[in-house]
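Subject: Model handover and notes

Hello,

Please find the structure below, followed by notes on what was found in it.

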Amino acid sequence: MLDDFEDGELMYNNREGYWTQWASETGTVNRTLITSGAPQGSYAMQVTGDVKGTNWPSISVATNLNVGNTAEDLRNTTGLKICMKGKKGSGGTVTFFIQLISTNITDYSYWRYSWTPSSNWTCLSIPWTNFMPPAYGQGASLKLSDVLSCVRAFQWAIVAETQSCTSTGNEWSMDAIEVYGGIIPSTNTPTKTNTPTFTRTFTPSNTFTNTVTHTSTNTSPPTNTFTNTPTNTATQ
Ligand SMILES: [Ca+2]
């Protein structure tokens, strides 16, 4: 189980990977602990936010696979299990993506699974084969096995479908996040010891500098061909 939120905090997943969040331009993003109605156990996480801006705005949260924030080989696993519910904001058009953050992609053209928000909790087993490359960038030229060989984090992104967008009141709740079909091998051996060098003194905040550039060529409605160029400078 990567994270089920049963420890009642939203800073680290169960493998001590760090959760991050960011919002581009004038958007906002927050994550809060759900304490009732969770589909698994007592707690879940809710992400809320506004996607606002004039240059293909987006908001997201992400969780690193391990404490060292190193890439891991997921080729021997099958996919991602997760329970979700959500609601698109009003006032603009957005898409909800689960993205595989792999270290062999540096232009943000990550492989992604497009999720249609459901107002009721829905638990899915999403095979990696349901993740698709964007039509541009490095991701478009890779194979799924290339991506799976070096996954560093999972990201949940709410992305504008228009260059200028004001989508307010987006909600994305999640619980019971788990890689299934195998055990995640820590091939890169995170340097976690019995004396971890981090302390749990972080507070969640939007302490990132983001520069998102989307270049869209809407050749067909289901094909969102844009380019994300976030420059995230995490301040911990
Ligand atoms: Ca839970």
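A term needed first: a residue is called buried if 20 or more other C-beta atoms lie within 10 Å of its own, exposed if 12 or fewer do, and partly exposed in between, with the C-beta atoms placed from the backbone. Met-11 is partly exposed on this scale, because it has 15 other C-beta atoms within 10 Å.

Two notes on the source. The model is predicted, and local features need pLDDT of at least 70, side-chain atom pairs count only at pLDDT 80 or more, and totals for chains, interfaces and linings use all residues. Residues are numbered from 1 along each chain as its sequence is written.

Overall layout

The protein chain has 2 helices and 10 strands. Helices (H or I, at least four residues) and strands (E, at least two) are DSSP runs, numbered from the N terminus. Along the sequence the pattern is β-β-β-β-β-β-β-β-α-α-β-β. Of the 236 residues in the protein chain, 39% count as buried. Two residues are in contact if their C-beta atoms, placed from the backbone, lie within 7 Å. Among contacts in the protein chain with a separation of 6 or more, 76% are between residues 24 or more positions apart.

Strands count as paired if DSSP finds at least two bridges between them.

β1 pairs with strand β4 (residues 58-64) in the antiparallel sense over 5 bridges. In that pairing, Thr-20 stands opposite Ala-62 in β4.

The sheet with β10

Another open sheet of 5 strands has the order β2-β3-β10-β5-β8, again with antiparallel pairing. Here β2 (28-34) and β8 are at the edges, each with a single partner strand, so one side of each is left without a neighbour in the sheet. The twist from one strand to the next averages 30°. Within this sheet, strand β5 (residues 79-87) and strand β10 (residues 165-180) run antiparallel and are joined by 8 bridges. Leu-80 has Val-179 in β10 as its bridge partner.

Nonpolar core

A nonpolar core is a set of buried Ala, Val, Leu, Ile, Met, Phe, Trp, Tyr and Cys residues joined through C-beta atoms within 7 Å. The largest one has 48 residues, and those with the most contacts inside it are Leu-100, Val-151, Ile-158, Trp-172 and Met-174. Two or more residues each come from β1, β3 (44-53), β4, β5, β6 (94-102), α2 (144-148), β9 (151-160) and β10. β9 contributes the most to this core, with 8 residues. Leaving out residues up to four places away in sequence, Ile-158 touches Gly-49, Val-51, Ser-58, Ile-59, Ser-60, Val-94, Phe-96, Asn-170 and Trp-172.

Individual residues

- Met-11 is in the segment before β1. Met-11 and Thr-63 are 52 residues apart in sequence, and their C-alpha atoms are 9.0 Å apart in space.
- Glu-16 is also in the segment before β1. Phi of Glu-16 is near 65°, a positive value in a residue other than glycine. Glu-16 counts as partly exposed because it has 17 C-beta neighbours inside 10 Å.
- Glu-25 is in the loop between β1 and β2. Glu-25 has a positive phi of about 50° although it is not a glycine. With 18 C-beta neighbours inside 10 Å, Glu-25 counts as partly exposed.
- Thr-116 is in the loop between β7 (111-115) and β8 (122-127). Thr-116 counts as exposed, because it has 9 C-beta neighbours inside 10 Å.

Regards

Note on methods
Axes are lines fitted to C-alpha atoms, for helices over the stretch in contact, and angles run from 0 to 180 degrees between N-to-C directions.
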